[in-house]
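Open the model in your viewer and keep the selection tool at hand. The stops below say what to select next and what is there.

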Amino acid sequence: MMNSDSFAGLGSTIASLMLLWAVCRQYFPYQLENYFSKYYTKFITLIYPYIEISFPEYSGQRLKRSEAYTAIESYLSNTTSERAKRLKAEIGHDSDKLILSMAENEEITDEFCGVKLWWFSNKTSSDRQTISFYPNDDDKRSYRLTFHRRHRTMINESYLPLVIQQGKAIAVQMRKRKLYTNSSTFDYNEFRKLVWSHVPFEHPATFETLAMEPEMKLEIIQDLMKFSKSKEYYAKIGKPWKRGYLLYGPPGTGKSTMIAAMANLLDYDVYDLELTAVKDNSALRKLLLNITSKSMIVIEDIDCSLDLTGKRKAGENQQEENKEEEEKKKAAMGAPPAGKDECKVTLSGLLNCIDGLWSACGGEKLIVFTTNHIEKLDPALIRRGRMDKHIELGYCGYEGFKVLAKNYLGVESHPLFDSIQELLKEKKMSPADVAENLMPKNESEDQADLCLQSLVKALKECKSENEKVGEEEVKEEENMEVKTNEEKLVNDVKVGDDDAKENKD
Ligand SMILES: Nc1ncnc2c1ncn2[C@@H]1O[C@H](COP(=O)(O)OP(=O)(O)OP(=O)(O)O)[C@@H](O)[C@H]1O
Ligand SMILES: [Mg+2]
């Protein structure tokens, strides 16, 4: 086997030959050029007995990172630390250990069954000048494997499958769970472009610390565990391996906390999708394609994220017309056109991503929506099959209170528990408010007594369900009244406009 020096020597000889050929070829007629080109390739193959395989990070339209590249990256990060001379360092899974991996444009050797191989981490940068705080999107990375052609079969059939398999296993081992968010980065060409950025996922919530009825908790845990073990089942019934959860209920009832508990239970990454920051349906598709397996896609407050309901309602045309008229008026006054940067994700685009053909990409994943107003959502968005499980998170019950008392005060029984149980039957307080009352205010010893007393006081002052329902009805009536008045006003203005037009005619 050649050593590194002779390998480099051979490389430079070939480079010189190629240069010579490039200079000479312009003096040949094309028939001769074809002839020589054929023999030139044969000649190079004859004297250069090595095979090179390239594994680019992205291929085609850069839609999805190559799985082979990711696996090789993990494999090499494990094997390179002793061999490479230039390394990059990153904090590892438990945040106190550095993981070293091969730097860009660095070469290392590996050995398999006595055969020597070379791995080269290649990075080419675009010549385009961009001003950005983020890594250049046009950098092209790849790994190149070089080996002697006599080992072709062994490398293809044994070594590469082993590298991929070991790489995947290492990736799972070293995996540090992440919380992703879609933020926009400046891009010279497209002006705005979306990428996922991430931080380590460190939310400590678990189902144990979650305040809710024990039967409901158990049912959700069982459902999640069953889902995570059902790869074959989903394949058998011909369904993508995904499950939709809709969490709904008043503010502070634990929807976001439950998402964290679900992610911690299943050991999933969380992709917090901010729909309003997504440019259009194809940007959404691209984002979702870059979500890996074992992930949760979360859209919080889906009713506020987009006007997903309004698009289908009658009267939409009227609204659009009004909008257009307003725009025209603004333009006449010299104002810049609005909505240039507006989010154009549509309901059908979102539905398509949730369970269209694209939804099968990426494997095991949960899609979770949260809302305070389930009644505002389009039925198509939350129908069973799309959002398979609807979970209502309600006001704090006695069982939930007991969990919170144990979490916050470390008490499992207390003389005040009975009166709290009675009060919780009629008063409607969110777990967030209960938790706030149970939070020790200082470090004195009788904190449990004080906190429970303060909770009893707060519960007595809190409104009962009937009062709350009555209040909501009044609010709704008020809203309706405001709406009707607004509509009347718009109509009056329109009628006035029409009259003026007619008079003019
Ligand atoms: N069921 C619960 N179990 C334990 N803690 C809870 C629960 N509900 C709320 N909390 C506490 O209250 C805080 C707020 O809860 P959370 O953010 O999960 O509510 P939410 O339902 O997502 O509210 P919103 O609808 O306003 O987003 C949390 O930090 C958590 O400490
Ligand atoms: Mg929330």
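**A tour by selection**

Select Val403: leaving aside residues up to four places away in sequence, Val403 touches Thr209 and Ala211. Here two residues are in contact if their C-beta atoms, placed from the backbone, lie within 7 Å. The C-alpha atoms of Val403 and Leu210 are 7.1 Å apart in space, although 193 residues separate the two in sequence. Val403 belongs to helix 13, residues 398-409. Helices (H or I, at least four residues) and strands (E, at least two) are DSSP runs, numbered from the N terminus.

The scale is as follows: a residue is buried if 20 or more other C-beta atoms lie within 10 Å of its own, exposed if 12 or fewer, and partly exposed in between, with C-beta atoms placed from the backbone.

Before going on, note that this is a predicted model, in which local features need pLDDT of at least 70 and side-chain atom pairs count only at pLDDT 80 or more, while totals for chains, interfaces and linings use all residues. Residues are numbered from 1 along each chain as its sequence is written, and chains are lettered from A and ligands numbered from 1 in the order in which they are written.

**The whole chain**

Now show the whole chain as a cartoon. It has 17 helices and 13 strands. Of its 505 residues, 21% count as buried. Take the contacts between residues at least 6 apart in sequence: 73% of them join residues at least 24 apart.

Strands of a sheet pair through backbone hydrogen bonds, either parallel or antiparallel. Two strands are taken to pair if DSSP finds at least two bridges between them.

Walk across the sheet from strand 1:

- Strand 1 and strand 6 (residues 140-148) are joined by seven bridges in the antiparallel sense. Select Ile53, which stands opposite Leu145 in strand 6.
- Strand 5 and strand 6 run antiparallel and are joined by seven bridges. Select Ser121 and its bridge partner in strand 6, Tyr143.
- Strand 4 and strand 5 (residues 115-124) also pair in the antiparallel sense, over seven bridges. Phe112 has Val115 of strand 5 as its bridge partner.

The hairpin of strand 4 and strand 5 has two residues between the strands, and Cys113 there takes a positive phi near 50°. Most residues other than glycine have a negative phi, and most peptide bonds are trans.

**Two loops beside the sheet**

Select Asn105, in the loop between strand 3 (98-102) and strand 4. Its phi is positive too, near 55°. Asn105 counts as exposed because it has 12 C-beta neighbours inside 10 Å.

Next, select Arg149, in the loop between strand 6 and helix 4 (152-174). What does Arg149 touch, not counting residues up to four places away in sequence? The residues are Pro49, Tyr50 and Ile51. Arg149 and Ile51 are 98 residues apart along the chain, and their C-alpha atoms are separated by 5.5 Å. With 11 C-beta neighbours inside 10 Å, Arg149 counts as exposed.

**A parallel pair**

Select strand 10 (residues 269-272) and strand 11, which run parallel and are joined by four bridges. Val270 stands opposite Met296 in strand 11. Four of the five residues of strand 11 (residues 295-299) are buried, so strand 11 is largely enclosed by the rest of the structure.

Asp301 lies in the loop between strand 11 and helix 9 (302-305). It is not a glycine, yet it has a positive phi of about 45°. Asp301 is partly exposed, with 15 other C-beta atoms within 10 Å.

**Ligand 1**

Finish at ligand 1. Of the 14 residues around it, Pro251, Gly254, Ser256, Pro431 and Ala432 come nearest. A residue is near a molecule or strand if its C-beta atom, placed from the backbone, lies within 6 Å of it. Helix 7 (255-266) and helix 15 (431-438) are the elements that give two or more residues to this shell.
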